[in-house]
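Please read the following report alongside the sequence and the coordinates.

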Amino acid sequence: NASNYIGNLINYLLSTFQAEINPIEIHVDVDKNIELLLEKIILIGLIINEGISNAFKYAFNGIENGEIFIQLKIHNGKYTLIIKDNGKGLEYSIQNEKSLGLKLISFISTQLNGTCELINNHGVMHRIKF
């Protein structure tokens, strides 16, 4: 069950990162009826882990009231995963060089037979469709 898996993963990540900086609020919106094969949910977990870890490490330096939004929805048999923060966004050089984390998210998206879109506007948003 995707909702349970993602909830447990986020709780673990919060316990790992939360004490290091100002409290960050994570909002989760996952369709309750999504059931995925283990191989797919692990890939989704890796993407979420990378997105949340990067947000905690880089997005909120000097920013109060940080928020991260995780959404997984299904529509007409297609899934959309969104990981978004309201942080300071990516520096132009990092976005163009494609850091290891960005390459990892893109690579894992292709393993899901999906596409990955990076939006750098008032924070960072990864939109993965598969």
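Buried means under 20% relative accessible area, exposed means over 50%, and partly exposed lies in between, with a 1.4 Å probe and protein chains only. This is a predicted model, in which local features need pLDDT of at least 70 and side-chain atom pairs count only at pLDDT 80 or more, while totals for chains, interfaces and linings use all residues. Residues are numbered from 1 along each chain as its sequence is written, and side-chain values use heavy atoms, with hydrogens and water left out.

**Salt bridges**

Three salt bridges are found in a search of the whole structure, where the term stands for a side-chain nitrogen of Lys or Arg within 4 Å of a carboxyl oxygen of Asp or Glu. The elements that hold them are DSSP runs numbered from the N terminus, namely helices (H or I, at least four residues) and strands (E, at least two).

| Pair | Closest N and O atoms |
|---|---|
| Lysine 73 and aspartate 29 | 2.9 Å |
| Lysine 73 and aspartate 31 | 3.0 Å |
| Arginine 127 and glutamate 117 | 2.7 Å |

Lysine 73 in strand E2 (residues 66–75) and aspartate 29 in strand E1 (residues 24–30) are 44 residues apart. Aspartate 31, in the loop between E1 and H2, is 42 residues from lysine 73. Aspartate 31 is buried at a relative accessible area of 16%, whereas lysine 73 is partly exposed at 26% and aspartate 29 is partly exposed at 33%.

The remaining pair links arginine 127 in strand E5 (residues 124–129) to glutamate 117 in strand E4 (residues 115–120), 10 residues apart. Glutamate 117 is partly exposed, with a relative accessible area of 35%. Through shared partners, Asp29, Asp31 and Lys73 are joined into one network.

**Helix H4**

The buried residues of H4 are Gly101, Leu102, Ile105, Ile108 and Ser109. They lie on the same side of H4, because they cover an arc of only 130° around the axis, the arc being that of the directions from the helix axis to the C-beta atoms. Serine 109 has 0% relative accessibility and, leaving aside neighbours within four places in sequence, is in contact (heavy atoms within 4.5 Å) with Ile47, Gly114, Thr115, Cys116 and Ile128. Just after H4, asparagine 113 takes a positive phi of about 60°.

**Tyrosine 5**

Tyrosine 5 is placed in helix H1 (residues 2–17) and is partly exposed, with a relative accessible area of 31%.
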